[in-house]
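The sequence and the model are shown first.

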Amino acid sequence: MKEYQKITHTNTLQVIPWNDLDAKRKDLIQLATKAVDLAYAPYSNFRVGAAVVLENGQTFWANNQENICFPVGICAERLLLGYTHANHPDQKPEILAIVAKKADNSGLATVTPCGLCRQSISEYEMKFKKPIEILMYRPDGTVLQADGIDALLPFKFEDLNQ
Ligand code: THU
C-alpha cells in the first residue's frame, strides 16, 4: 500500500490520585459532586455535575437538565460554561471539574465530556486564548486531568478563514 504523509496528534491525560490534588482542585471536585445530586435527569437517570473556577477565583456549578424532547436537554458542562460566560464575560474559566453518577444509581461513573461540550470548551479557550484545565473524577478515586481541550478534541474546528 502507498505511504502517505501522516499528521499525528498525541493526546495525554494524567491520572492523578485524589491525595495528590491541591485544595483548590479538591474543593472544585467536591462542588461538582454536590451538583450531581441536584441534576434533573428523569429520562437517562445519568446525573452529571460540573463546577468551574474563574480566573478571579469565583466558583460556579451546574448539572445536566433533561427534557421530554430528548435533544432539548443540555449537559452540565455546556450549561455551566454558558451561564458563567453570560454573567462574567470577562472572566476566563480556569479549571472545569466533572463528576457523574451511574444510571443504575450504584455509585459514581466515569465521565468525559461529550463532543458538543468539547466544542463548547474549545470556544472559551479560543476567546480567552488560554487552555482550560479539565478534571474528570473517576470512581476509583483518581482524577483524569487534561491540560486543555486539545487532549480531548484533536483536529478541532477553530478557524473560519483557513
Ligand atoms: N451528560 C452530561 O451532562 N455531561 C457529559 O459529559 C455526558 C453526558 C448528560 C447528558 C444527558 O442528560 C445524560 O448525561 C446522559 O447522556
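Which space is taken by the ligand? The ligand takes the space of the largest pocket. The model is predicted, and local features need pLDDT of at least 70, side-chain atom pairs count only at pLDDT 80 or more, and totals for chains, interfaces and linings use all residues. Residues are numbered from 1 along each chain as its sequence is written, and side-chain values use heavy atoms, with hydrogens and water left out.

**Ligand site**

The largest pocket holds about 240 Å³ of space. Pockets and cavities are found on a 1 Å grid over the protein atoms alone: a cavity is a set of points where a 1.4 Å probe fits but cannot get out, and a pocket is an open set with protein on both sides within 12 Å along at least five of seven lines. Lining residues have an atom within 4 Å of a point. A volume is the space filled by probe spheres set on the points, which are joined across faces, edges and corners. A molecule sits in a pocket or cavity if more than half of its atoms lie within 2 Å of its grid points.

The pocket lining has 17 residues, and Ser44, Asn64, Glu66, Ile74 and Cys75 lie nearest the centre. By class, 10 of the lining residues are nonpolar, five polar and two charged (Ala, Val, Leu, Ile, Met, Phe, Trp, Tyr, Cys and Pro count as nonpolar, Asp, Glu, Lys and Arg as charged, and the others, Gly among them, as polar).

The shell around the ligand (residues with a heavy atom within 4 Å of it) includes Phe46, Val48, Glu77, Val111, Pro113 and Cys114. This shell divides into seven nonpolar, three polar and two charged residues. Polar contacts, pairs of N or O atoms within 3.5 Å, are listed below.

| Residue | Polar atom in | Distance to a ligand oxygen atom |
|---|---|---|
| Asn64 | side chain | 3.0 Å |
| Ala76 | backbone | 2.9 Å |
| Thr112 | backbone | 3.5 Å |

On its own the ligand has 370 Å² of accessible area, and the protein covers 76% of it (Shrake-Rupley method, 1.4 Å probe).

One cavity of 30 Å³ or more is found in the whole structure. Leu54, Leu81, Thr84, His85, His88, Gln91, Pro93 and Tyr124 line the largest cavity. Helix α2 (residues 76–87) gives the largest share of this lining, three residues; helices (H or I, at least four residues) and strands (E, at least two) are DSSP runs numbered from the N terminus. The cavity lining has four nonpolar, four polar and no charged residues.

**Backbone angles**

Asn105, not a glycine, has a positive phi of about 65 degrees. Asn105 is in the loop between β4 (93–101) and β5 (108–109). Phe155 has a positive phi near 55 degrees and lies in the segment after β7 (142–146).

Key: Polar contact = N/O pair within 3.5 Å; in protein donor to acceptor, adjacent residues only side chain to side chain.
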